Amino acid sequence: MNKLKERAQRLKTDIPAVFIALKDKKTPWFAKVLAFLVVVYALSPIDLIPDFIPILGYLDDLIILPVLIVWCIRCIPDEVFADCRARSQDLWGNGAPQKWYYSIPFVLIWLAVIMLILIVVM
């Protein structure tokens with residue numbers, strides 16, 4: 001159980017580190033694309049398997065997301081990711097970051113989906 005807590009704590013710094021690596025100029029372009037997809041998937045309310053499906057709904061969060069993060073980390077050079085991980089540890093020092101404007105793309109996506117559904121239905 002202690003190992004599971006340790007991995008969960010590491011994810012808490014690795015996800016922001018992947019986001020920081022996304023903006024770093026030393027990160028290769030393919031790692032940036034993968035990092036962007038990982039960050040979008042991690043923050044998105046849309047899952048491959050909806051969470052309301054018992055057991056299966058949470059498997060994508062427990063399996064897919066960590067696999068994507070590990071894959072992304074392996075694509076980022078070690079020295080770059082070590083620097084990004086060090087910068088991400090300070091990010092959570094005062095609680096969760098209060099950057100509400102990061103939610104704007106997700107709100108726009110949901111609005112577009114709702115509009116498409118309304119167009120199809122009407």
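Q: What share of the contacts in the protein chain with a separation of 6 or more comes from residues 24 or more positions apart?
A: Such residues account for 67% of those contacts, a contact meaning heavy atoms within 4.5 Å. This is a predicted model, in which local features need pLDDT of at least 70 and side-chain atom pairs count only at pLDDT 80 or more, while totals for chains, interfaces and linings use all residues. Residues are numbered from 1 along each chain as its sequence is written, and side-chain values use heavy atoms, with hydrogens and water left out.

Q: How do you know that the span of helix H3 agrees with its number of residues?
A: The expected span is 1.5 Å times one less than the number of residues. For the 20 residues of H3 (residues 56-75) that gives 28 Å, and the end C-alpha atoms are 28 Å apart, so the two agree.

Q: Why is H2 called roughly antiparallel to H3?
A: Helix H2 (residues 29-43) packs against H3 at an angle of about 160°, with the axes 9 Å apart. Axes are lines fitted to C-alpha atoms, for helices over the stretch in contact, and angles run from 0 to 180 degrees between N-to-C directions. Angles under 35 degrees count as roughly parallel, over 145 as roughly antiparallel, 65 to 115 as roughly perpendicular and the rest as oblique. H2 is therefore roughly antiparallel to H3.

Q: What makes the contact of H2 with H3, by class?
A: Residues of H2 including Phe30, Leu34 and Val38 meet residues of H3 including Asp60, Leu68 and Trp71. The contact has 14 nonpolar, no polar and 1 charged residues, where Ala, Val, Leu, Ile, Met, Phe, Trp, Tyr, Cys and Pro count as nonpolar, Asp, Glu, Lys and Arg as charged, and the others, Gly among them, as polar.

Q: Why is Val38 called buried?
A: Buried means under 20% relative accessible area, exposed over 50%, partly exposed in between (1.4 Å probe, protein chains only). Val38, in helix H2, has 1% relative accessibility and so counts as buried. Beyond its neighbours within four places in sequence, Val38 is in contact with Val18, Leu65, Leu68, Ile69 and Cys72.

Q: Is Lys32 buried, partly exposed or exposed, and what makes it so?
A: Lys32, also in helix H2, has a relative accessible area of 25%, so Lys32 is partly exposed. Leaving aside neighbours within four places in sequence, Lys32 is in contact with Leu22, Asp24, Lys25 and Thr27.

Key:
Helices (H or I, at least four residues) and strands (E, at least two) are DSSP runs, numbered from the N terminus.
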